[in-house]
Amino acid sequence: MAGVTPDPDARDAASAGHAQPARRRAARGCLPRVTDALHELGARELETPLRERVVLVHVDTHRRVLDGAFDELERLAESAGAEVCAKVGATRAAPHPATFVGGGKVAEIAALVVQRGASVVIVNYPLTPIQQRNLERELACRVLDRTGLILDIFAQRATSHEGKLQVELAQLGYLSTRLVRGWTHLERQKGGIGLRGPGETQLETDRRIIGVRIKTITSRLQRVRAQRHLRRRARRRVPIPTVSLVGYTNAGKSSLFNRLSAAQVYAADQLFATLDPTMRRVEVPEFGPIVLSDTVGFIRDLPHGLVSAFRSTLEEVSTAALLIHVVDAADADRHEHMAQVRKVLSEIDADDVPSVTVFNKVDRVDRGAGVERDGAGRIARVWLSAHTGEGIELLSQALAEHLGRDRVAVTLSLPPTAGRLRGHLYRRCEVVRESVTDDGNCVLELKLTAADVGWLEAHEEFRPAFWCPTPAGPTLQ
């Protein structure tokens with residue numbers, strides 16, 4: 001055994017085996033430095049975020065002025081975090097079936113993309129999948145239509161679990177028609193003699209995965225919708241009316257919501273600054289408590305997929321007792337925006353809900369706060385400024401008039417043994433005044449709706465003798 005010559009390969013393998021732990025220790029020592037470097041790089045990228053440069057394209061097919069359309073598209077792009085580097089406008093009798101804009105405009109846009117260093121082209125109309133694919137091939141960059149841009153903004157703004165599910169559902173519905181054959185070379189092959197051939201392509205696989213995901217999200221949203229229904233039914237047991245803020249995006253709904261409820265909801269001068277609905281209890285002078293709801297803003301040509309995906313959220317609007325339609329008084333296109341809001345309300349079956357129109361931002365126009373009444377004498381329009389607070393008391397007056405028109409003033413005299421009924425009245429109804437008589441009875445002056453009267457008469461502690469003549473309003477017998 002002593003005379004056996006060691007194998008050189010074995011010596012090399014042994015030395016390599018001893019060297020491997022050393023190399024691993026050295027690599028582990030480098031990991032903290034690499035991690036620190038990556039964190040430092042990420043911090044620098046966060047400090048100086050890159051904004052994609054985009055070219056905006058608007059084709060006017062109705063002989064309208066392009067300025068307003070370009071302004072809104074530019075604000076949408078900026079809300080998505082893009083930097084607008086060029087605008088291209090055109091007028092056509094009808095969209096081109098292949099490229100939407102025609103061959104001459106495609107060449108003009110392609111030159112601008114190269115000249116300005118743009119990476120995205122945004123078209124202010126919904127594009128067909130064929131048009132989008134042809135434009136991307138001719139322009140050699142990504143192409144987004146108006147629907148894709150709005151979906152991207154919604155994806156950035158969604159914060160709640162329900163909001164993220166709704167946005168993802170709309171995105172998958174949009175993406176399902178825009179899958180391209182980029183993976184057909186990765187076909188699955190069937191095994192076995194006589195069975196070799198193309199199997200399921202990657203395109204078919206993607207479509208199947210998207211279909212499964214859509215079914216999963218739809219099932220989850222149905223559970224969320226059922227939960228919302230249960231919460232609404234619980235609120236009806238204590239019938240505090242719900243008032244919903246609706247209006248075109250960036251009309252100042254969140255600012256007005258903060259002014260009325262003293263909340264801290266995010267509000268900014270940008271389109272779709274807030275997405276998830278918010279509710280707060282608000283005390284209205286001369287009426288009582290209401291539930292104020294802030295909803296997502298509407299916009300021209302709002303994608304139908306978004307309306308369908310957000311139906312469970314928008315149901316809060318259709319079930320409200322009153323709508324506050326917020327309008328930007330300083331917007332030159334406010335009448336067209338009001339028509340667009342009414343169109344969306346009709347889609348969600350909320351066009352028959354009573355409403356009060358509020359013209360916000362009077363501090364930006366040459367007009368002070370005020371009200372306008374309809375033929376019945378009720379306040380129909382309020383001019384105010386949510387930013388300065390001017391005219392807020394006029395809106396409170398309008399809410400009290402609209403919500404309190406179906407209530408009657410009554411007076412109850414409750415004995416000391418009816419303490420439970422007294423507590424329920426304070427939780428459910430508006431108590432205007434309370435006094436105590438010499439014999440210990442509590443005299444409550446209330447404002448009740450017909451539903452409140454029915455609930456009161458069915459209460460186990462109520463007796464008809466509790467009714468007493470009221471100093472203002474009818475006497476209920």
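Two strands are taken to pair if DSSP finds at least two bridges between them. With that in mind, and remembering that this is a predicted model, select β13 (430-436) together with strand β14 (residues 442-448), which run antiparallel and are joined by six bridges. Within this pair, pick out Arg433, whose bridge partner in β14 is Glu445.

Now widen the selection to the whole sheet, which is open, has four strands in the order β13-β14-β12-β15, and is paired in antiparallel fashion. Because β13 and β15 (467-468) stand at the edges with a single partner strand each, one side of each has no neighbour in the sheet.

Helix α13 (residues 419-428) touches β12 (408-414), β13 and β14, and its direction makes about 35 degrees with that of β14. Helix α14 (residues 450-457) touches β12, β14 and β15, and the direction of α14 makes about 140 degrees with that of β14.

Finally, move to another part of the chain and select helix α5 (residues 146-157) with helix α6 (residues 161-175), which pack at an angle of about 155 degrees with their axes 10 Å apart. Since angles over 145 degrees count as roughly antiparallel, α5 and α6 are therefore described as roughly antiparallel to each other, and their crossing is left-handed. To see where they meet, show the side chains of Thr147, Gly148, Leu151, Phe154 and Ala155 in α5, alongside Val167, Ala170, Gln171 and Tyr174 in α6. The residues of this contact comprise six nonpolar and three polar ones, with no charged residue.

Key: Residues are numbered from 1 along each chain as its sequence is written. This is a predicted model: local features need pLDDT of at least 70, side-chain atom pairs count only at pLDDT 80 or more; totals for chains, interfaces and linings use all residues. Side-chain values use heavy atoms; hydrogens and water are left out. Axes are lines fitted to C-alpha atoms, for helices over the stretch in contact, and angles run from 0 to 180 degrees between N-to-C directions. Helices (H or I, at least four residues) and strands (E, at least two) are DSSP runs, numbered from the N terminus. Angles under 35 degrees count as roughly parallel, over 145 as roughly antiparallel, 65 to 115 as roughly perpendicular and the rest as oblique. A crossing is left-handed if the near helix is turned anticlockwise from the far one by less than a right angle, and right-handed if clockwise. Contact means heavy atoms within 4.5 Å. Ala, Val, Leu, Ile, Met, Phe, Trp, Tyr, Cys and Pro count as nonpolar, Asp, Glu, Lys and Arg as charged, and the others, Gly among them, as polar.
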